Amino acid sequence: MSDQASSQAGSGARPMGMASAEGTSTENFVQIVDVVKKFDETVAVKNVSLSVAKGELFALLGSSGCGKSTLLRMLAGFEAVTSGKILIDGEDLATLPPYRRPVNMMFQSYALFPHMTVEANVAFGLKQEGVPKAELKDRVHDALELVQMGRFAKRKPHQLSGGQQQRVALARSLVKRPKLLLLDEPMSALDKQIRQRTQIELVNILDRVGVTCIMVTHDQEEAMTMASRLAVMSEGSIVQLGTPHEVYEYPNSRFSAEFIGSTNLFDGHVIEDEPDHIFVETSDLPSQLYVNHGITGPLGMPVTISVRPERIALTRKPPEGAYNWGRGTVSNIAYLGGHSLYHVKLDSGKTVVASVSSLALSEIETPTWGDEVYVRWSASAGVVLTS
Ligand SMILES: Nc1ncnc2c1ncn2[C@@H]1O[C@H](COP(=O)(O)OP(=O)(O)OP(=O)(O)O)[C@@H](O)[C@H]1O
Ligand SMILES: [Mg+2]
């Protein structure tokens, strides 16, 4: 996976890094090489290899217990690897004493010291390091300005909103000028609205500081909003790695397709496989499935076709094409303003979800519950999944 991992550097919003003049590749700023972590019987992290570029904001994503925090804790040096190694800026983490590790981690619960002011909270780590007073004052001031919390310097944490506390915690991490910032569920304490605003603020702040950041989240929207690349983890392994766009548009497995966004999955088997298309027979639809790219596999091979809800159109009349359509009745409608999610129960019993714009709905006299409708999609809408 590692070769693929480092070569998939895509078109994220942030710089992907280039080989620098000094000869240390900024593309491999963080190198995780075949890392395994066992806790007695439990294998929490299984042979993970991953490279993160300098200045990148990388997200680790996956369901509870899949090993995200464990991987992050090893990067921070709080846990030793069972095997494999971790290099940061070319240096093996295992050989660096804790005080020389260029890493700062903000924990899943980022508890501030309640009895200390905002200022004292941010200064705490520097004081412990013995940073001279004048420098300490300047650095704390700069860090608080960066997160726009300067005017709250004298307040105590309980006098701040959740989002403000979160920014103080971030200032406390950044003030130490880590080369690598690790964030474990940085937004978990925030409600949805502040969360979305803070996500964008955080990306802007990290961009300004230019710090490399690896963050853990189990919220796929958060990962897609913030990260230049992300890794989907399951049971200790990386299942897929790429830009948010790559992972969303080209999931490589059922797990990825369902984890990143919602999708419709049709199970079937290949009945024709050419370089530029395949036909798949499925009991879910009255028609065959047709996808405009081939796969390499034997005829009869079981596959799953993933079709995102926004790729599915609704019609009142039977579609003309011979493939990629089904007939059913509207079983549920979720009105979301600009678009609606239509659940259509097909004759086969399968329910298909279509995300349809209000404009497109008005053109077919907005169907309602119980109406007979057809769903259809183009040959380029489906992604063939073989695992
Ligand atoms: N110190 C430990 N001793 C034993 N098992 C552990 C320890 N820490 C983690 N584990 C186990 O390792 C696995 C991965 O845990 P981890 O905390 O990395 O998950 P996570 O992906 O961060 O989950 P969450 O989203 O719930 O925070 C889990 O099965 C967990 O029970
Ligand atoms: Mg965790």
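Trainee: How do the residues of the shell around ligand 1 divide into nonpolar, polar and charged?
Mentor: Three are nonpolar, eight polar and one charged. Ala, Val, Leu, Ile, Met, Phe, Trp, Tyr, Cys and Pro count as nonpolar, Asp, Glu, Lys and Arg as charged, and the others, Gly among them, as polar. One caution: this is a predicted model, where local features need pLDDT of at least 70, side-chain atom pairs count only at pLDDT 80 or more, and totals for chains, interfaces and linings use all residues. Residues are numbered from 1 along each chain as its sequence is written, while chains are lettered from A and ligands numbered from 1 in the order in which they are written.

Trainee: Which residues surround ligand 1?
Mentor: Phe39, Thr42, Ala44, Gly62, Ser64, Gly65, Cys66, Gly67, Lys68, Ser69, Thr70 and His218. Each has its C-beta atom, placed from the backbone, within 6 Å of the ligand.

Trainee: Which element gives the most to that shell?
Mentor: H2, with three residues. Strand E2 (42–52) and H2 each supply at least two. Helices (H or I, at least four residues) and strands (E, at least two) are DSSP runs, numbered from the N terminus.

Trainee: Is H2 largely enclosed or open, and why?
Mentor: Largely enclosed by the rest of the structure, because eight of its nine residues (68–76) are buried. Buried means 20 or more other C-beta atoms within 10 Å of the residue's own, exposed means 12 or fewer, and partly exposed lies in between; C-beta atoms are placed from the backbone. Among the buried ones are Lys68, Ser69 and Thr70.

Trainee: What follows H2?
Mentor: Gly77, with a positive phi near 85 degrees.

Trainee: Switching to the sheet. What is the strand order?
Mentor: E6-E7-E8-E3-E9-E10, an open sheet of six strands with mixed pairing. Two strands pair if DSSP finds at least two bridges between them. E6 (103–106) and E10 (237–242) are at the edges with a single partner strand each, so one side of each has no neighbour in the sheet.

Trainee: How many bridges join E3 to E9?
Mentor: Five, between residues 57–62 and 229–234, and the two strands run parallel. Phe58 stands opposite Arg229 in E9.

Trainee: Last topic, domains. Where are they?
Mentor: Domain 1 is 2–102 + 178–255, and domain 2 is 265–385. Those bounds come from an automatic or database domain assignment. The domain centres, taken over C-alpha atoms, are separated by 35 Å.

Trainee: How many residues does the contact take from each domain?
Mentor: Four from domain 1 and five from domain 2. Contact here means C-beta atoms, placed from the backbone, within 7 Å.

How values were computed. Two residues are in contact if their C-beta atoms, placed from the backbone, lie within 7 Å.
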